[in-house]
Amino acid sequence: MIEAEGLTKRYGKLVAVDHVSFSVQPGEIVGLLGPNGAGKTTTMRMLTGFMPPSEGTARVVGHDIIEDSMAARRAIGYMPERIPIYPDMTVRGYIAFWARLRGIRRPAGHVEAVLKRVDLYDRRDTLIRQLSKGMRQRLGLAQALVHEPEVVILDEPTIGIDPQQVIEVRESVRELGRKHAVLFSTHILTEAEQVCDRVLIINKGHIVAEGDPGELRQQLEPGTQLYVVIGGASADQAAALLSAIPGVISVEVQGEGFNVSTQAGTDIRGAVFAQVSAAGYSLLEIRAVASTLEDIFLNLVSRDSQAEGV
Amino acid sequence: MGTWIVLRRELSQYFTSLFAYVIAFAILLLTGILFNRELTVSMTVRPANPALVPSVLSFMLIFFAPLLTMRLFAEEKREGTLELLLTAPVQESGIVFGKFLGAWSYYTIVLLLTFTYQFILASITPTDIGHAFSAYIGIWLYGGAMLAIGIFFSALTENQIVASFLSMITLLILWLGDQAGLLIANIEVARFVRNLSLQGNFSTSFAAGLVRGEDIAFFAGVIIVMLYVTIHVVESNRWR
């Protein structure tokens, strides 16, 4: 559905996206994962026809984005990072406008269907300025879907909304994967893991890793971190006790407890519990700390530079 | 196709926006007051001027036309809808024409409302309807040119106030060009400058009951050039 070949975008000397190639198959959800400024939005903007690539091209449902831009644009539903709104239009008027622009002559049926799909049908006559942030997010999704595009491109669809709504949006993205080819960007690792069939990790304009999200995480995570709080012991006693457990790499004080880093693939939770109770202290809290994307990138980047012999 | 869809949205935007009604109200109120004064004058001093309302508008629109156009692109940029418009399967020219025609249609409707003054005048005193028509055709084109200039400035910035300020200044300068003769000693240069001003192609021709091809060509030319430049300004958003 999407085949990108050597997509490149230069701003003067700065290369925002550097020869990026990838593909998205029908019915597949592909996540574009990367820190801010990695080139996610620029890549999407080239695919949607908003900006022409400096080099390379892409085909969307077989239509070249440069040679056959209009046909490619018709096949895409796009939700930019900041939801574009016309504050003075009604929900229905807004969706109908985008449907017409994308070539649907009598949009009423499409509008009704898509508003039911994103659960905004009850709000169809509300002015957009009166919608909450979460509803605007769903409105953004509705405009991207109203013309039933084969490809859906979503730029950071979960940014700036509350956790309950994040879950709803993730569910609707997963739902989309059944009918459409979906490309969506995020900087949250767990989100990519939950939602995508395949992840492309992008950093500084390059795709640095690609694959099944679970596998990628295992490959890239620098070990596991636990947060442990121990009662009845002084900080020094507790630190000494934790450091003595096999598999522990480092122990750092954090708040009233400790951040314990362990080697990859070892599970020390049982050992922690046994040691703490054997010493007569009480284990008040123990939980896994998910490694952040930054950790993974550090790992990835350091491995890259090792490989290059830098 | 894109033009028509954008035009429809813009026009309905005017009719659902309080601000547009306030502008229409202000135009009708001000021209109404001046028309009544003219009626009073016509009873004693001299016959009423059939081109009164268009002549008054030629100055008033310097301030009102930018208010109608400042929103058109500046708001799309600020709200991020321009990005979505530029990824829709329509040409930039369709978007620009649609917005221009939307603004011009709204202006045309307000202008037609002021035409009621002509009926009132005609019912009171014998009047030169041809003269009135000529002035109305003139101010209709004049308004179109002003709106095209306003659209250009709206496309330049995402700040509506900056857009309207820049268009007002520009329109004021183009209006003052009519008086180039007072400032420039060389008569040929002065005539040339005046011919390039908006008012210079209106005050002594359309407003005097004279419909001349060169004036129509001038206003049409301003509209075409400004829209052409605007299309390229809008297109340039893709390169940033």
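In what follows, Ala, Val, Leu, Ile, Met, Phe, Trp, Tyr, Cys and Pro count as nonpolar, Asp, Glu, Lys and Arg as charged, and the others, Gly among them, as polar. The structure is a predicted model, in which local features need pLDDT of at least 70 and side-chain atom pairs count only at pLDDT 80 or more, while totals for chains, interfaces and linings use all residues. Residues are numbered from 1 along each chain as its sequence is written, chains are lettered from A in the order in which they are written, and side-chain values use heavy atoms, without hydrogens and water.

Let me begin with confidence.

I turn to the interface. With contact meaning heavy atoms within 4.5 Å, 27 residues of chain A and 26 residues of chain B take part. Buried area is the accessible area (1.4 Å probe) that two parts lose on being put together, summed over both; between chain B and chain A it is about 2,700 Å², with 62% from carbon and sulfur atoms. Of the area that chain B buries against chain A, 26% comes from B:E83, B:L84 and B:P89, more than from any other three residues.

B:E83 also pairs by charge. A salt bridge is a side-chain nitrogen of Lys or Arg within 4 Å of a carboxyl oxygen of Asp or Glu, and the rule finds 1 across this interface. The side chains of B:E83 and A:R45 form a salt bridge, at 2.9 Å from N to O.

On a 1 Å grid over the protein atoms alone, a cavity is a set of points where a 1.4 Å probe fits but cannot get out, and a pocket is an open set with protein on both sides within 12 Å along at least five of seven lines; lining residues have an atom within 4 Å of a point. The largest pocket has 19 lining residues, and A:R45, A:F50, B:K77, B:G80 and B:E83 lie nearest its centre. Its lining comprises 9 charged, 7 nonpolar and 3 polar residues.

Which residues line the second largest cavity? They are A:T48, A:R73, A:I76, A:Y78, A:R102, B:L84, B:T87 and B:A88. By class, 4 are nonpolar, 2 polar and 2 charged.
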